[in-house]
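Q: I am new to this structure. Please show me how to read its features.

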Amino acid sequence: MSVTVLDPQTALIVIDLQKGIMAYPTVHPIEDVLAKSVQLSGEFRARNLPVVLVNVAGMAPGRNEQPPRTATFPPDWADLAPELGAGTGDHLVTKHTWGAFSKTGLADYLAQQGVTQVVICGVATSIGVESTARQAHELGLNVTLAVDAMTDMNKDAHVNSVTRIFPRLGETGTVADIIACFDRESVGK
């Protein structure tokens, strides 16, 4: 399925395109994901629609089966990619969990902006992107996922999210599909 429509008040949420995360080996070239995300943010800004730039600066305190991380991150690890051109009109969110809504005030911000739909892109498909999409869906927002503006560190996890999970949470499409919706409808401005 492809993107069918964008609500008049749709926000873009860009997940974890930051120095530390972008240094990890990914399934798709991170430069391409970044370029597509920059293209989307430009389209949203041109239409005076909200752009939410999310970074991660820690992790939830709960136990899991993964080895504990003992290394400290460099001071610039959470810095957003400069290519995103974070502007004064953008909403910045720093999270400490996988999803961008937990304990960040993002839901309140989007409600104040009258947002009824979100377009999500970024890294990692099966972690930050999927968790944020699940949370947005649970909040009753329409969800669109820009599948060519995201990647993962694990190919199977990426494919599982895109083919099995995302169609249950919303609509999927390419950046070109999303921009075509802008061109067909009066969204923003």
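A: Start with axes and angles. Axes are lines fitted to C-alpha atoms, for helices over the stretch in contact, and angles run from 0 to 180 degrees between N-to-C directions. Helices (H or I, at least four residues) and strands (E, at least two) are DSSP runs, numbered from the N terminus. This is a predicted model: local features need pLDDT of at least 70, side-chain atom pairs count only at pLDDT 80 or more, and totals for chains, interfaces and linings use all residues. Residues are numbered from 1 along each chain as its sequence is written, and side-chain values use heavy atoms, with hydrogens and water left out.

Q: At what angle do the axes of helix 2 and helix 6 cross?

A: They cross at roughly 10° and come within 10 Å. Angles under 35 degrees count as roughly parallel, over 145 as roughly antiparallel, 65 to 115 as roughly perpendicular and the rest as oblique. Helix 2 and helix 6 are therefore roughly parallel to each other.

Q: Which residues make the contact of helix 2 and helix 6?

A: Contact means heavy atoms within 4.5 Å. Helix 2 brings Lys-36, Gln-39, Leu-40, Glu-43 and Phe-44. Helix 6 brings Val-175, Ile-178, Ile-179 and Phe-182. By type, these residues divide into 6 nonpolar, 1 polar and 2 charged. Here Ala, Val, Leu, Ile, Met, Phe, Trp, Tyr, Cys and Pro count as nonpolar, Asp, Glu, Lys and Arg as charged, and the others, Gly among them, as polar.

Q: Which residues of helix 6 are buried, and which are exposed?

A: Buried means under 20% relative accessible area, exposed over 50%, partly exposed in between (1.4 Å probe, protein chains only). Val-175, Ile-178, Ile-179, Cys-181 and Phe-182 are buried. Seen down the axis of helix 6, they fall within an arc of 150°, so they line one face of the helix. That arc is taken from the directions from the helix axis to the C-beta atoms. On the other side of helix 6, Ala-176, Asp-183 and Arg-184 are exposed. The cover over the buried residues includes helix 2, strand 4, strand 5 and strand 6 (171-173).

Q: Which residues touch the most other members of the largest nonpolar core?

A: A nonpolar core is a set of buried Ala, Val, Leu, Ile, Met, Phe, Trp, Tyr and Cys residues joined through side-chain atoms within 4.5 Å. The largest one has 31 residues. Leu-12, Leu-17, Leu-40, Phe-44, Val-119, Ala-146 and Ile-178 touch the most other members. Elements that give two or more residues to this core include helix 2 (30-46), strand 4 (117-123), strand 5 (142-151) and helix 6 (175-184). A second, separate core of 25 residues includes Ile-15, Val-93, Phe-101 and Tyr-109.

Q: What is the angle between helix 4 and helix 5?

A: Helix 4 (residues 125-138) and helix 5 (residues 155-169) pack at about 5°, with axes 10 Å apart. They are therefore roughly parallel too. Their contact residues divide into 7 nonpolar, 5 polar and 3 charged.

Q: Where does the backbone call for a second look?

A: Most residues other than glycine have a negative phi, and most peptide bonds are trans. The bond from Val-123 to Ala-124 is cis, with omega near -5°. Ala-124 sits in the loop between strand 4 and helix 4. Asn-48 has a positive phi of about 55°. Its loop joins helix 2 and strand 2. Lys-103 also has a positive phi, about 60°. Lys-103 lies between strand 3 (91-95) and helix 3 (106-112). At 85% relative accessibility, Lys-103 is exposed.
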